[in-house]
Amino acid sequence: MLFRSRTLVTRTDVDLIKPNPEGFSHIYKEGTDLKDYLFIGDNIADKQASESVGIDFFEVNYFRLIA
């Protein structure tokens, strides 16, 4: 798979937080197939955000809490 670009959208880049799809609008390129996007997250809001724009979701749950 070829990665054409890498963009990171964080909380400070959006006015509306997940599951609102605003963050996706910062990375979407018109004409690009939605199957070319993958949302990686660790909670239900992440999953809901991916579903709201119709892209695949990959759940990660192996993070170690640091006290």
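**Close-up views of a predicted model**

At 12% relative accessibility, Tyr 37 counts as buried, since the cut-off for buried is under 20%. This residue belongs to the first view below. The structure is a predicted model.

**View A. Aromatic cluster of Phe 24, Tyr 28 and Tyr 37.** Ring pairs join Phe 24, Tyr 28 and Tyr 37 into a cluster. The model has four aromatic pairs. In one of them, the ring centres of Phe 24 and Tyr 37 are 5.0 Å apart and the planes stand at 75°, so this pair is edge-to-face; planes over 60 degrees apart fall in that class. Phe 24 is part of helix H1 (residues 22-25), whereas Tyr 37 sits in the loop between H1 and strand S1 (38-41), so the pair ties together parts 13 residues apart in sequence. Both Phe 24 and Tyr 37 are buried. The rings of Tyr 28 and Tyr 37 have centres 5.9 Å apart and planes at 40°, so this pair is tilted. Tyr 28 is partly exposed, at a relative accessible area of 34%.

**View B. Gly 23 in helix H1.** Gly 23 lies in helix H1. Its relative accessible area is 19%, and Gly 23 is therefore classed as buried, the limit being under 20%. Leaving aside residues up to four places away in sequence, Gly 23 touches Val 9 and Val 14. Gly 23 and Arg 11 are twelve residues apart along the chain, and their C-alpha atoms are separated by 8.5 Å.

**View C. Surroundings of Asp 46.** Helix H2 (residues 44-53) contains Asp 46. With a relative accessibility of 3%, Asp 46 is buried. A polar atom of the Asp 46 side chain lies 2.8 Å from the backbone nitrogen of Asp 42. When residues up to four places away in sequence are not counted, Asp 46 touches Lys 18, Phe 39, Gly 41 and Phe 57.

**View D. Salt bridge between Lys 47 and Glu 51.** The structure holds one salt bridge. It is formed by the side chains of Lys 47 and Glu 51, with an N to O distance of 2.6 Å. The two residues are four apart in helix H2, so about one helical turn separates Lys 47 from Glu 51. Lys 47 is partly exposed, with 34% relative accessible area.

**View E. Nonpolar surface patch.** Leu 38, Ile 40 and Phe 58 make up a nonpolar patch on the surface. Together these residues have about 320 Å² of accessible area. Ile 40 belongs to strand S1. The relative accessible area of Ile 40 is 53%, so this residue is exposed; the cut-off for exposed is over 50%.

**View F. Arg 64 after strand S2.** Arg 64 is located in the segment after strand S2 (56-59). At 70% relative accessibility, Arg 64 is exposed. Between Arg 64 and Ser 25 there are 30 Å in space, C-alpha to C-alpha, and the two are 39 residues apart in sequence.

Notes:
Residues numbered from 1 in each chain as written. Predicted model: local features only at pLDDT ≥ 70, side-chain atom pairs only at ≥ 80, totals over all residues. Heavy atoms only, no water. Phe/Tyr/Trp six-rings, centres within 6.5 Å; stacked < 30°, edge-to-face > 60°. Buried < 20%, exposed > 50% of the residue type's maximum accessible area, 1.4 Å probe, protein only. Polar contact = N/O pair within 3.5 Å; in protein donor to acceptor, adjacent residues only side chain to side chain. Contact = heavy atoms within 4.5 Å. Patch = residues over 30% accessible without salt bridge, like charges linked within 9 Å, V, L, I, M, F, W, Y side chains within 5 Å. Areas by Shrake-Rupley, 256 points an atom, 1.4 Å probe, with all protein chains shown as cover. Salt bridge = Lys/Arg side-chain N within 4 Å of Asp/Glu carboxyl O.
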